[in-house]
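Hi,

Here is the structure I promised to pass on to you. Have a look at it first, and then read my notes below.

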Amino acid sequence: MAFTLNLNGEPRTVDAEPDTPLLWVIRDELKLTGTKFGCGVASCGACTVHLDGAPARSCQTYVEDVEGVEITTIEAMSETAIGAAVQQAWIELDVVQCGYCQSGQIMSAVGLLAENPKPSSEEIDDYMSGNACRCATYQRIRAGIHRAAEILEG
Amino acid sequence: MTLTSSRRSFLKGVAAVGAALVVGIRTDGALAAASGETAQFNPFVKIDADGTVTAIVKHFEKGQGPATGLPTLIAEEIGLRMDQIEYEFAPSNPQIYNNLLFGAFQGTGGSTAMANSWLQYRQAGAAAREMLIAAAAQSWGVDRTGITIEEGIVKAGDRSAPIAEFVAAASQLEAPAEPRLKEPSEFHLIGNDSIRRKDSAIKGNGQAMYAMDVHLPNQMVAMIKRPESRGATAIGFDDSASKEVKGYINAAVLPNSAGVAVYAENTWAAIQARDALEVEWDMSGAETRSSDQIKAEIMAALDAEATYNVNKADVAAVSAAIDGAEKVIEKTFYFPLLAHAPMEPLNCTIEQTAEGEIILHDGAQMPTGPHMAYQEIFGLPAEKIHIKTMLAGGSFGRRATPDADYQVEAALAFVLTDRSRPVKLVWTREDDIRSGYYRPAFGHKVRVGLNAAGDIVGWQHQVAGQPIIKGTLFEAFMVHDGVDLTSVEGVAESPYQIPGMAIGLTDTEKATSVLWWRSVGHTHTAYAMEVMMDLAAKAAGADPVEFRLAYLADSTDPDQRRKAGVLRLAAEKAGWGTVADGRVQGIAVHKSFGSYVAEVVEISGNPDDGIKIEKVTCAVDCGIAVNPDVVRAQMEGGIGYGLGHAMRDQITLTDGAVDQYNFPDYEPLRIGDIAQIDVHIVPSAEAPTGVGEPGTPPAPPALANAIAALSGELVTALPMVEDGVAFA
């Protein structure tokens, strides 16, 4: 079936079965590979994208449900003030190690800061608890979110 | 000049155009250089005519930092800023890009990337510097001794020019045999804490390319339907339900019958078609034991006489000394199977060129492994097989299989096709957790005797488990007199001067496919050693830090001095003995991969309602810290990896089948599990040693010691949650 998606501000038409996870449409059909496959069961957060501005696990989001929804991936994150601030903080603090989970971490971090511009460490830990990092970069993720909040405050 | 075909294709591969200076070390060890067209070697340093310097990195990047560290060495010696050097991963060539500690084998492991590259990459950079300076001296008619290169600018008195100006001329010169390496006092980049990772930006904006991100034109995705129990073989299959999946192509039993390859147009179709496939299995060769039985076999081995007397001790005398001691402590420990579970599930892509050559796209940790295996599988000479190393989404040892397991699987799936389409083999998380290679289960039984003064008079240490190295191509290096060194490393050759030590080892029968896992044998040996040291200190009525220092007292022995140094530093920085109300500390110190690490874990709460890890203070002596912030990050990550598994994780088997399936029941450490980690690096002039693994071993015993100090409950079987400890 053909679906027209609003991806990173552009209409994209894809041919897929209705119950295809958005993750695989983004990665395999549209070749936007910044969104990662980590577990397939919404347990690691590597596949996090934004749906109408809110973080969602694309491995458990079906293509038939997201027509008319604004889908944003890591590739477009630098275009938003919060996204750019988080990316800047990530570079300043060298948050990444292997980096494979970091697209998802950044998507969630942006979601948090959009809701809560000055989160406490506890609020960060709570909000980010669904994003796994096997390299255990968590301390820098926490510091990176604090730093991004600072950057946004100006 | 005559070029070999491999060199020709390499040069094509790096797109060396015009007069490019390439510097590398020939197989005979001599430095050599030539212009791009006439190079006679594969380079470590490439300088394009426009002055762009590229470091050819022989180690893969799984987050541990060689894509920053090796360029740092070259940039330092040439005289560049870090933004003036790029990196690319080396092709597979075990003669040129071998790990100097592995023989003629290219690979990353044992925390050796920096240790074995330290001189090699500096020499390559220094040679390039001297050639550029020589060319400038000729051009300017000045003596070369007055010429320097700083931030990519060649300078002599009032004259200056970018290095680009001298690349063409320098490329015509002989490489110096023994280029002068810079003194530490001249370092601007090595040890500079302001140096940032070179791969940060691309890993934060979606541009980083991992093997999983390879999409070759017309590629198929292959997944393997595997048996529930290792060792079962596929007899046949029914794919009638798979045919209902849009995008399903076909399926075929692998040539080794280990599973059925399912081919599809894309990943989601492959997942669905594999789920729908019905396979008939021959279970006659399958593992049927449960993990309880495997554990019982290990425990029984600990109670019997050990097969190997590892340190050739007088076991009867040690045993008698303990029997006659004032106080005797005896504990038995069990460590379960563990999966590595790197964030990027295993995968790789194979294609065949029009000329019949094979290209493997892989986050290749040990390129020589698949390179050798592919020569046999495809019947091709080495130079017709190419490995393109991609970024790797973690490994923790999993990608370094001596038998190149997943790359061979991909090749077997590929040879079943007509090879007209590239095949991308993809593992799911379930494949990774259920069908992987595991840290072997191990048991330790330790008896320690103390005299009335509280001194250790005997330490009898029995180890039992499935060896990792025996039967692999590394056997010659790491198995001595039957003893697989990885089974006892960290007990044998401990820097502690313990009198009357007897170490016994018994190999247990193969239970599953086992593999090194971040810090290998130290994952269990450090736990047994450091928990016993704490118990011995308690029995002696001594402070755990002071007690350990008594066995590291010989300051003329660098091993003891450096281990004592990190122990003191961690204790000092953690405020050992002066914690706030409601907080308790535990400490552990361990040497692994040439580095010394001490950690203090500070906790609150209680084991029934939940323990919270408030702070981990780490002191590390890894020689010269080339990129201090990378060292810090590796300690942070190593601590998290060690603690997360010790807290919650294990792989268990029921009738031969793995019980766990994915992250919901093989739980990753989460962000709220550790509130704070502080890392302190010991200043050092020693050559760099490992950092990827050494942060891991002391963390679990430090936590266990803290829990014991808090509650009196000692965890002797991991994971801790199975032993009655709850975490907040």
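Helices (H or I, at least four residues) and strands (E, at least two) are DSSP runs, numbered from the N terminus.

Keep in mind that this is a predicted model, where local features need pLDDT of at least 70, side-chain atom pairs count only at pLDDT 80 or more, and totals for chains, interfaces and linings use all residues. Residues are numbered from 1 along each chain as its sequence is written, while chains are lettered from A and ligands numbered from 1 in the order in which they are written.

On to the helix pair. In chain B, α14(B) (residues 522-540) and α18(B) (residues 699-711) have axes that come within 8 Å and cross at roughly 30° (axes are lines fitted to C-alpha atoms, for helices over the stretch in contact, and angles run from 0 to 180 degrees between N-to-C directions). Their crossing is right-handed. Among the residues that meet there are Y527(B) and V531(B) in α14(B), and P700(B) and A704(B) in α18(B).

Now chain B as a whole. DSSP gives chain B 18 helices and 30 strands. Its radius of gyration is 27 Å, close to the 27 Å that the globule rule gives for 728 residues, so chain B is as compact as a globular protein of that length (the radius is taken over C-alpha atoms, and the rule is 2.2 Å times the number of residues to the power 0.38). The C-alpha atoms of chain B fill a box of roughly 80 × 75 × 45 Å, taken along the principal axes.

How do the chains meet? In chain A, 46 residues are in contact with 48 residues of chain B (in contact means C-beta atoms, placed from the backbone, within 7 Å). The largest share of chain A's side, 4 residues, comes from α5(A).

Finally, a hairpin in chain A. Strands β1(A) (residues 2-7) and β2(A) run antiparallel, joined by 6 bridges (strands pair if DSSP finds at least two bridges between them). A2(A) has D15(A) in β2(A) as its bridge partner. The hairpin has 2 residues between the strands, and N8(A) takes a positive phi near 50°.

Enjoy exploring!

Methods
A crossing is left-handed if the near helix is turned anticlockwise from the far one by less than a right angle, and right-handed if clockwise. Two residues are in contact if their C-beta atoms, placed from the backbone, lie within 7 Å.
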